[in-house]
Amino acid sequence: MTEKFGATSTTDDVLAGLDLKGKRVLVTGTSSGLGLETARALVAHGAHVVGTVRDLDKAYAATGAIRAAAATGGDFDLIELELGSLASVRACTDKLLLQAEPFDVVIANAGVMATHYGHTADGFETQIGTNHLGHFVLVNRLAPLLHAGSRVVVLSSNAHRMSDVDLEDLNYERRTYDGPTAYGQSKTANTLFAVEFDRRHKDRGIRAVAVHPGVINTGLTRNVDIEMLKGWMAGINETRAQQGLLPFEPKTVPQGAATSVWAAFKASSDEIGGRYCEDCHVSVEFKAPQDDGLSEGYRAYALDPLRAAALWHQSELLVGERY
């Protein structure tokens with residue numbers, strides 16, 4: 001690979017000159033934020049994108065930018081999906097399996113962040129149920145539609161460094177609940193899912209990867225305490241000023257979605273399979289005892305194959321299906 005991309009690269013930078021005509025991609029959560037931009041960029045470069053949304057009527061207006069890109073690029077279809085309901089996940093996958101049209105890439109993009117304590121329709125803690133278990137069932141049920149050369153891109157976050165998965169209490173039935181920590185657990189689960197899915201399917205030529213999009217201002221942060229966020233950023237910028245650095249600037253949405261499309265269509269499958277990527281490259285282990293929330297790197301537990309296998313087994317028990 002000769003092209004180098006980084007933190008400021010955008011989706012269109014990564015996909016420049018790439019013709020995706022004939023490629024079929026499933027992207028979850030395409031009505032806003034990273035999912036909307038990911039789908040727009042892929043469609044603009046010729047791909048046929050199937051985008052999942054919770055409300056078809058509301059999503060039609062919200063996805064106008066994707067349909068505009070489709071006018072000169074690829075194709076775009078919507079399908080209803082509520083990741084917090086396994087009945088909805090199964091209904092969605094049943095429709096796609098009935099169509100029997102293969103996917104070249106699945107991008108597990110949708111999610112919730114730092115929610116108040118609550119439960120999904122199936123009784124799971126909201127964040128582990130939506131971010132991990134919903135995608136766990138979705139992707140596994142669609143595995144028959146993947147083929148040699150297909151990729152699964154799972155959006156994680158550097159917030160995974162806030163918490164390993166508690167295999168004995170994924171649903172916070174015994175622990176004191178904390179929204180950001182529960183989000184961190186769900187993002188560790190996303191990464192571990194990619195690790196184990198990759199191990200199980202790489203002999204078929206199907207690879208999976210976890211990606212961190214970066215710090216971006218999207219609707220995902222709507223549940224985060226604004227004053228807490230301001231205080232966190234003030235502390236970071238004070239430290240940066242002491243180091244002679246400029247204030248931190250969040251990524252734009254096109255920059256945030258760049259690593260997803262890079263992992264889907266630009267990176268070498270052998271390079272990224274079973275790995276954790278950010279800023280359009282494979283990341284390294286984060287070993288520092290203190291975490292500023294901005295530095296690169298993954299915690300070792302997030303790529304631990306034994307943890308990944310154990311989480312897979314526990315997830316099968318929770319959803320009542322084996323894959």
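User: Is the crossing of α6 and α7 right-handed or left-handed?

Analyst: In this predicted model, where local features need pLDDT of at least 70, side-chain atom pairs count only at pLDDT 80 or more, and totals for chains, interfaces and linings use all residues, the crossing of α6 and α7 is right-handed; a crossing is right-handed if the near helix is turned clockwise from the far one by less than a right angle, and left-handed if anticlockwise. Residues are numbered from 1 along each chain as its sequence is written, and side-chain values use heavy atoms, leaving out hydrogens and water.

User: At what angle do the axes of α6 and α7 cross?

Analyst: Two packed helices are described by the angle between their axes and the distance between the axes. Here the axes of α6 and helix α7 (residues 179-201) cross at roughly 20 degrees and come within 7 Å, which makes the two roughly parallel (under 35 degrees; over 145 is roughly antiparallel, 65 to 115 roughly perpendicular, the rest oblique). Axes are lines fitted to C-alpha atoms, for helices over the stretch in contact, with angles from 0 to 180 degrees between N-to-C directions, and helices are DSSP runs (H or I, at least four residues) numbered from the N terminus.

User: How does α6 pack with α12?

Analyst: Helix α6 (residues 126-142) and helix α12 (residues 305-319) pack at about 90 degrees, their axes 11 Å apart, and are therefore roughly perpendicular. Contact means heavy atoms within 4.5 Å, and among the residues that meet are Phe-136 in α6 and Trp-312 in α12.
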